[in-house]
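Colleague: I am new to this structure and would like to learn how to read it. Could you take me through it feature by feature?

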Number of protein chains: 2
Amino acid sequence: MHPVNDNRHSGLLVPVLTPFGADLAPDHGRYVGLCKALLAEGAGGLAIFGTTSEANSTSPGERRAMLEALLAAGVPAARLMPGVGSTSITEAADNVSMCVRAGCGGVLMLPPFYYKGVSDDGIFAFFAEVIERAGKAGPPRIYLYHIPPQAVVGFGHDLIERLLDAFPGVILGIKDSSGDWDNMRAMMERFDSLDVFCGSEEFMLATLRHGGAGCITATGNVNVADISRLGRIWREDGADDLQAKMTAVRKAFSRKPPIPMMKRYIASRTGHEDWARVRPPLTGVGAGEVPALVADLETIGYAPGGLFEAIGAVVPA
Amino acid sequence: MHPVNDNRHSGLLVPVLTPFGADLAPDHGRYVGLCKALLAEGAGGLAIFGTTSEANSTSPGERRAMLEALLAAGVPAARLMPGVGSTSITEAADNVSMCVRAGCGGVLMLPPFYYKGVSDDGIFAFFAEVIERAGKAGPPRIYLYHIPPQAVVGFGHDLIERLLDAFPGVILGIKDSSGDWDNMRAMMERFDSLDVFCGSEEFMLATLRHGGAGCITATGNVNVADISRLGRIWREDGADDLQAKMTAVRKAFSRKPPIPMMKRYIASRTGHEDWARVRPPLTGVGAGEVPALVADLETIGYAPGGLFEAIGAVVPA
């Protein structure tokens with residue numbers, strides 16, 4: 001298991017997929033099972049309630065119940081970095097407060113993503129208001145979530161500097177899902193106190209070599225052993241080969257939209273068809289896509305260790 | 001007062017501004033006062049909880065309390081078209097169910113707006129799921145909310161046709177805030193059973209002449225008398241002159257971002273500084289912008305009737 005820094009998240013954090021039952025409700029049993037399996041197979045932490053988790057396709061009440069199920073099952077809160085973003089200060093503050101009270105190691109916060117073209121002043125004011133409100137529950141530990149392909153609204157570097165200056169010890173890091181390496185590198189060069197996580201393992205080795213904190217990536221759900229291993233051996237011989245293999249696995253799962261493709265593959269590996277289900281507006285991927293994926297993965301030498309056995313052993317609640 | 005069709009919304013519907021107190025909580029007293037003033041001054045209905053309302057900057061609980069305050073104050077539910085969109089089926093269905101139970105004349109529903117690039121199949125499945133869930137509360141009356149500048153995700157015409165075919169009597173109309181007249185005209189020509197509302201009064205006369213149902217426009221908050229009058233006299237002489245004047249008033253309020261500019265102007269006209277407040281991520285407009293706006297409005301011959309006296313007479317709760 002990857003050693004977790006006492007104070008900061010590091011290494012691979014997995015934005016955990018959310019399994020849904022036939023009624024589209026989150027399936028707590030399978031969910032807890034996946035989270036435990038990912039930690040057991042090497043994940044440094046779990047960035048639950050992210051984009052890959054279809055978190056914005058669920059309600060705050062559903063997410064609260066999922067968090068409570070994890071904690072009740074003994075998943076350590078310190079290993080969690082739940083997504084807490086919302087379009088409203090009210091809801092974002094409620095989400096952050098919940099995580100602070102639970103003792104989560106951090107939270108991953110989207111910018112308000114409804115209005116487009118808002119000013120840095122407006123985004124700053126949003127964070128300031130949320131931090132003040134949530135601060136009543138305890139000191140928040142916030143990682144910024146920069147994902148322009150979905151949120152459109154993003155974090156420019158001057159805004160990040162303002163936030164770091166105004167809220168030291170509260171703004172701890174950023175997940176950069178822009179896919180833009182130049183942006184990640186520029187942030188690592190400019191901000192000493194910002195823990196930068198790349199949003200795709202494609203950039204993980206480069207991120208670690210530039211002093212970044214780690215990686216938060218969708219494909220962690222299906223390739224946790226290799227990706228978390230890179231977090232340990234990145235200074236050693238073989239790191240480049242491992243990086244190339246990880247990137248190839250990611251590309252294989254991207255033959256279709258990755259969220260339903262990974263869910264379909266887990267369904268195939270565990271024999272639980274329910275795993276393939278997504279919530280609208282996402283749409284599922286059919287079983288017919290699996291053989292070509294499996295062929296690609298065999299060519300690459302994909303070796304997920306005991307992950308699927310661990311997931312598959314879980315009986316739904 | 002504009003006569004309201006027994007079954008369908010028509011004419012001018014105002015996406016009502018939301019007044020916030022010093023703690024940024026919605027101010028129910030001022031809110032009810034504005035809603036009543038807008039109806040008294042000619043609005044055919046109130047499209048509460050829209051983009052202009054900063055609705056996605058509030059929580060479902062805050063919106064529920066505002067709706068309850070309106071109903072308790074005697075605002076007729078049949079005149080309301082609350083915004084109900086969400087990124088999740090769970091929350092959208094809860095919102096629609098609340099409005100169905102309250103007897104609202106309709107609801108205005110955004111597409112799920114977090115994931116970008118989703119398929120028509122995914123958006124269709126989202127609406128189908130929400131309609132099924134909310135249907136337990138009674139028959140939903142849904143107007144689609146097409147606003148690509150904010151939501152990015154929108155409604156293509158083939159998707160609209162699928163929704164109309166699958167849910168006749170449930171999908172009643174659309175608000176088109178694309179700013180693209182060709183899109184509005186094409187929908188009016190293609191769909192007999194779809195009530196088309198333009199999202200800006202700039203297109204109101206053209207919309208009515210092409211068989212559209214009316215207009216849902218931000219500037220209705222400050223120019224309700226003239227805009228609703230066009231809904232009555234559009235077949236008469238003087239309609240083009242009135243349209244030109246309305247368009248000029250809209251342009252004057254667009255000298256700054258219209259939501260804070262209108263709020264600032266209401267603060268100026270009523271003497272209640274609280275009116276100028278917006279929620280982050282929007283930012284306020286200073287009082288220094290008012291004189292130039294007033295000069296523009298005087299040149300245009302802006303005549304808001306008794307609107308500001310009606311708003312100003314309200315004492316905050």
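Predicted model: local features only at pLDDT ≥ 70, side-chain atom pairs only at ≥ 80, totals over all residues.

Colleague: What rotation and what shift superpose chain B on chain A?

Modeller: In general, two copies of a chain are related by a rotation about an axis and a shift along it. Here chain B is superposed on chain A by a rotation of 180 degrees with 0.0 Å of shift along the axis, and the RMSD is 0.0 Å. That is the relation of a two-fold axis.

Colleague: Now the sheet. In what order do the strands of chain A lie?

Modeller: The order is β2-β1-β7-β6-β5-β4-β3 in an open sheet of seven strands, and the pairing is parallel. At the edges are β2 (45-46) and β3 (107-109) of chain A, each of which pairs on one side only.

Colleague: Which strand does β3(A) pair with, and through how many bridges?

Modeller: Its partner is β4(A), residues 142-146, which runs parallel to β3(A) and is joined to it by three bridges. As a point to find on screen, A:Leu108 stands opposite A:Tyr143 of β4(A).

Colleague: Which helix lies across β1(A) and β7(A)?

Modeller: Helix α9 of chain A, residues 224-233, lies across β1 (11-14) and β7 (214-216), and runs at about 145 degrees to β1(A).

Colleague: How should I read a pair of packed helices?

Modeller: Two packed helices are described by the angle between their axes and the distance between the axes. In chain B, helix α10 (residues 239-253) and helix α12 (residues 290-300) pack at about 175 degrees, with axes 10 Å apart. Angles over 145 degrees count as roughly antiparallel, and α10(B) and α12(B) are therefore roughly antiparallel to each other.

Colleague: Which residues make the contact?

Modeller: From α10(B) come B:Lys245, B:Ala248, B:Val249 and B:Ala252, and from α12(B) come B:Leu293, B:Asp296, B:Leu297 and B:Ile300. The residues of this contact comprise six nonpolar, no polar and two charged.

Note on methods:
Residues numbered from 1 in each chain as written. Chains lettered and ligands numbered in written order. Pairing = 2+ DSSP bridges. Helix = DSSP H or I, 4+ residues; strand = E, 2+ residues; numbered from the N terminus. Contact = placed C-beta atoms within 7 Å. Axes fitted to C-alpha atoms, helices over the stretch in contact; angles between N-to-C directions. Least-squares fit on C-alpha atoms with pLDDT ≥ 70 in both. Parallel < 35°, antiparallel > 145°, perpendicular 65-115°, else oblique. Nonpolar A, V, L, I, M, F, W, Y, C, P; charged D, E, K, R; others polar.
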